[in-house]
Amino acid sequence: MASLGLTYAPIPGLSRTIYVVSGTELQETLETLEPKFEREYPNINLELKFQGSQDIVNNYVDEKNDFDPTVVIPANSEILDKLSDRMAARSSDPVFYERPRPIAKTLLVGVAWPERGAVLFPDGRFDWNRLEAATKAGTWDSIGGKAEWGSFDFLMTDPTRSNSGQLTMTLWAQSQLGNAPSATQLNQPEIRSLFALVKRSIYQPPRSTDILLQEFITRGPNNADVATVYESIALDRWEQAQTTQGKPYQIYYLDPSIETVSTAAIVTRHLGPLETDAATQFLDFLTAPEQQAIFVQHGFRPANPDIDLEAIPNSPWTKNIPGARVDLQTRTTQPPEASVLIEIERLWERAN
């Protein structure tokens, strides 16, 4: 028994701490998995930090954190491309220890309170033109709603800090251009006008998607009508809406939408071999089938395509959430390239 205890007891000299910086869309899932990981790997202390995806890049490159990140998990791999490009401009040292790994998938969707959604999207399909018209009109009675509903309130995250805000403006611009925008096309007058319209209509957009949806639920109809969020968060928080507002919101799938793959990278700056080894064990843990099932329970589509969404116990896809679909009946496109994301940030900052 003594030898068995020594086998599984932490060895003080080998204990290490790894700092994992993730987008807030993964917060609940990673916090659920943290104690399980530390039980299985008692020599590794896991410290979780959560930031908007663009903040992950800015804080790492400019060394604004008060800790040294070991693993970064922004909302998609294109965000990692931005990080890599900015670091390469400063140093020739490798930015990542190994090739980044996909962890979980989701896509951008719309959510609306049912009676609002029925007026805004009468055919049951999300429509950027209808959304733009409502934003310009400013009040519900101007677009066929009830006068007592008051102002039309659309919510999205800050595109300078959050990936979902960037994807929202990408798809909105694409609906006007008829194709996925390049950085040059984003500077056409009609697109600049669109950015100005949306920025004027949104007061202090949240820095992350999860914060946005919590605000949407808390504020409820008359203060928050429609929002763009990740499918994962919309599925994970619908019961909170049922409890807080007495009814769930309706999910609307965008067509096309953008699939975003939360992707994990082990960063090299200030890291030693012990931390690198521990980080590799953490990523192995996240991509194992047992943990992928927990991602599904929190509304994510797994990185492992062999996992059946409806076969997982307590899967949100078995709960009859309004509008939720197991099989996507919509086109999905790749996230915008780093140059497009940079231009979206610039356009948003300049818009007035």
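**The largest pocket**

Tutor: In this predicted model, 21 residues line the largest pocket, and those nearest its centre are R125, F126, Y253, L254 and D255. A pocket here is an open set of points on a 1 Å grid over the protein atoms alone, where a 1.4 Å probe fits and protein lies on both sides within 12 Å along at least five of seven lines; lining residues have an atom within 4 Å of a point. The space in this pocket is about 410 Å³, counted as that filled by probe spheres set on the points, which are joined across faces, edges and corners.

Of the elements, β7 contributes the most, with 4 residues. By class, the lining holds 8 nonpolar, 8 polar and 5 charged residues.

The second largest pocket holds about 180 Å³ of space. Its lining consists of F152, D153, F154, L155, S201, I202, Y203, Q204, P206, E215 and R219. Here β5 (154-155) and α9 (209-219) are the elements that supply two or more residues. This lining comprises 6 nonpolar, 2 polar and 3 charged residues.

These elements belong to a chain with 14 helices and 10 strands, taken as DSSP runs (helices H or I, at least four residues; strands E, at least two) numbered from the N terminus. The C-alpha trace spans about 75 × 45 × 35 Å along its principal axes.

Residues are numbered from 1 along each chain as its sequence is written. Totals for linings use all residues of the predicted model.

Terms used: Predicted model: local features only at pLDDT ≥ 70, side-chain atom pairs only at ≥ 80, totals over all residues. Heavy atoms only, no water. Nonpolar A, V, L, I, M, F, W, Y, C, P; charged D, E, K, R; others polar.
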